[in-house]
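Subject: Structure for your review

Dear colleague,

Please find the structure below, together with its sequence. My notes on it follow.

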Amino acid sequence: MVLMVENVDKEFNGECVLKGITFSLEEGEFACLTGPSGGGKTTLLRLIAGLIAPTSGHICLDGSLSRAKPDIGYVFQEGALFPWLTAAQNVAFGLKLRGISAEETRYLVQEALDMVELTGFDEYYPKELSGGMRMRVALARVLVCKPKLILMDEPFGSLDFRTRNKIQKDMVKLWLRLKPTILIVTHNIDEAVYLSNKIIVLSSRPGQIVEQVSITMDQPRIRTEKSFNLIREHVLSLLGE
Amino acid sequence: MSQFNIDKGIKSSENVKGQSWRSINILKWPSWERWAAVLAGLLVWTACARLGLVASPYIFGLKFMNLLIIGDPVYNLTLLQIMGTSLETLLIGAGLAFALAVSSGILLGYFRSLNRFADVFISICRPIPPLAWIPVGYVLFAQLPQPTFWVQIMVVFMGAFFPCFNATVHTVQSTDPIIIEAAQTLGARRQRQILAQVILPSAVPGIISGVRSGLGVGWMCIIGAEFVGARMGIGAYIWSLYQLGGRMSEIMIAILSVGLIGYLMNEIVILLGRRIARWYSW
Ligand SMILES: Nc1ncnc2c1ncn2[C@@H]1O[C@H](COP(=O)(O)OP(=O)(O)O)[C@@H](O)[C@H]1O
Ligand SMILES: [Mg+2]
């Protein structure tokens with residue numbers, strides 16, 4: 001068990017945003033968190049990453065309860081790259097903090113950039129990259145630290161349709177290759193069914209887990225298949241649409 | 001495969017890189033609007049000269065070249081030497097001001113309670129016109145060998161300090177919190193790491209524009225401060241031209257030179273800023 005969330009409540013100024021959240025992620029699981037906007041999805045990710053503390057309940061990573069969680073990689077909405085660092089320097093940021101030698105850093109950064117198909121973009125600053133490329137750098141920046149768990153908050157929400165499809169496809173390829181544990185927030189049901197083994201559906205305020213839908217279809221998936229669309233319909237009905 | 005090409009399209013056309021390179025190119029050919037403005041200005045000026053209101057551009061240009069190369073016979077100084085004196089005062093005063101403004105601005109931007117503590121003093125000192133410090137300076141520096149020099153330094157200091165200080169405090173306080181969280185999740189747990197690796201680098205463009213406005217205000221102040229002082233800077237020159245009576249063309253040349261130098265300094269700081277913070281969308 002990589003992640004265990006037990007009975008977590010979160011209140012902001014006395015207002016309950018998340019209530020009784022309980023779920024767990026196995027190693028190598030690719031999970032999606034979905035639900036209405038304002039339902040507390042970002043809040044849940046921030047709780048797991050240790051950026052904020054729960055009002056009650058426990059969050060364990062690899063069986064440990066500590067607040068500081070260096071083994072979690074967090075990919076923010078829009079990427080949140082450091083604009084003053086080049087793509088390569090952005091990717092190297094976490095490695096530098098871990099005291100890894102310059103030579104090894106260079107090798108690992110190159111490997112990570114290759115992995116997200118950004119070979120040759122080392123020297124580009126974030127302002128010189130497209131939205132999709134920025135997300136790829138953000139992903140490489142956490143992949144390179146080999147985290148136990150990768151959290152992603154609506155990573156592809158701002159991308160256009162084609163870039164989005166392409167990056168989803170690459171995401172699946174990457175997951176098949178490295179088998180990292182991923183929890184990704186999306187409000188796009190199609191994306192959730194395409195990517196994940198498990199969809200955690202959250203209700204609106206206070207956010208509670210409505211259902212955890214397991215998906216056993218083989219990867220990579222075909223969007224037009226009947227079983228694909230049956231799952232889509234089921235998740236949509238859970239969200240009351 | 002085609003989608004893949006679209007995502008990478010930027011690289012093949014190289015337009016993004018090209019643009020940022022061009023924007024830091026020093027020798028930019030002025031736009032046609034600028035040429036038109038210069039031409040129109042000359043036309044109006046010539047018309048006014050014909051009416052006998054001012055000296056013609058030709059006479060004016062001649063006098064300007066004369067001041068530049070041979071110098072003013074009354075003072076035995078060229079325009080550049082006079083300018084140099086003022087620039088020297090400016091650079092010393094503003095340099096000191098920037099060193100203090102940036103360091104204290106970072107501290108006060110970072111430690112909110114320190115900012116709240118100092119706020120009352122800063123709020124009272126900021127609206128004081130820098131020239132108001134001249135008498136205070138003369139009293140303070142009366143014992144020093146060159147009181148006028150120090151008074152002028154002090155005035156420039158007062159003028160250059162606040163724009164730079166304000167910009168620094170503001171830019172440090174407005175660091176994107178998401179970027180700070182990104183650093184934290186990547187392992188920057190200590191405040192010192194956040195300050196050195198996130199807040200300071202992201203503050204660089206803000207500090208540069210603070211330096212830019214500080215230099216501008218400092219330049220305005222030195223001209224005023226020299227009206228009362230004795231060192232032969234450009235302000236003192238303008239004032240004594242007036243007192244000696246009449247030499248309107250020289251006064252105008254001096255004033256326009258002050259504007260020209262101010263403009264050039266501004267451009268230089270912008271260029272340096274683009275060099276230093278190439279990553280920023282200037
Ligand atoms: N730091 C905070 N302080 C107060 N309220 C917050 C804070 N963060 C989130 N909220 C509230 O919690 C609710 C859930 O927000 P969020 O987790 O961003 O939802 P989602 O990501 O699902 O759209 C929102 O109503 C929001 O106003
Ligand atoms: Mg959100």
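Two residues are taken to be in contact when heavy atoms lie within 4.5 Å. On that basis, residues 24 or more positions apart make up 68% of the contacts in chain A that have a separation of 6 or more. Please bear in mind that this is a predicted model.

Overall fold. Chain A contains seven helices and nine strands. Its radius of gyration is 18 Å, close to the 18 Å given by the globule rule for 241 residues, so chain A is as compact as a globular protein of that length. Along the principal axes, the C-alpha atoms occupy a box of roughly 50 × 45 × 30 Å.

Surface and charge. Of the 241 residues in chain A, 57% count as buried. The accessible surface amounts to about 10,100 Å², and carbon and sulfur atoms contribute 50% of that. There are 28 positive and 29 negative side chains in chain A, with the centres of the two sets 2 Å apart.

One residue in detail. Thr34(A) belongs to strand β3, which spans residues 30-34 of chain A. Is Thr34(A) buried or exposed? Its relative accessibility is 1%, and the cut-off for buried is under 20%, so Thr34(A) counts as buried. The side chain of Thr34(A) also reaches the backbone oxygen of Thr186(A) at 2.8 Å. Leaving aside neighbours within four places in sequence, the residues in contact with Thr34(A) include Lys41(A), Thr186(A), His187(A), Ile189(A) and Val235(A). Ile199(A), Ile200(A), Val201(A) and Leu202(A) are also among them.

Yours sincerely

Notes:
Residues numbered from 1 in each chain as written. Chains lettered and ligands numbered in written order. Predicted model: local features only at pLDDT ≥ 70, side-chain atom pairs only at ≥ 80, totals over all residues. Heavy atoms only, no water. Helix = DSSP H or I, 4+ residues; strand = E, 2+ residues; numbered from the N terminus. Rg over C-alpha atoms; globule rule 2.2 N^0.38 Å. Buried < 20%, exposed > 50% of the residue type's maximum accessible area, 1.4 Å probe, protein only. Areas by Shrake-Rupley, 256 points an atom, 1.4 Å probe, with all protein chains shown as cover. Lys, Arg positive; Asp, Glu negative; His and termini not counted. Charge placed at Lys NZ, Arg CZ, Asp CG, Glu CD. Polar contact = N/O pair within 3.5 Å; in protein donor to acceptor, adjacent residues only side chain to side chain.
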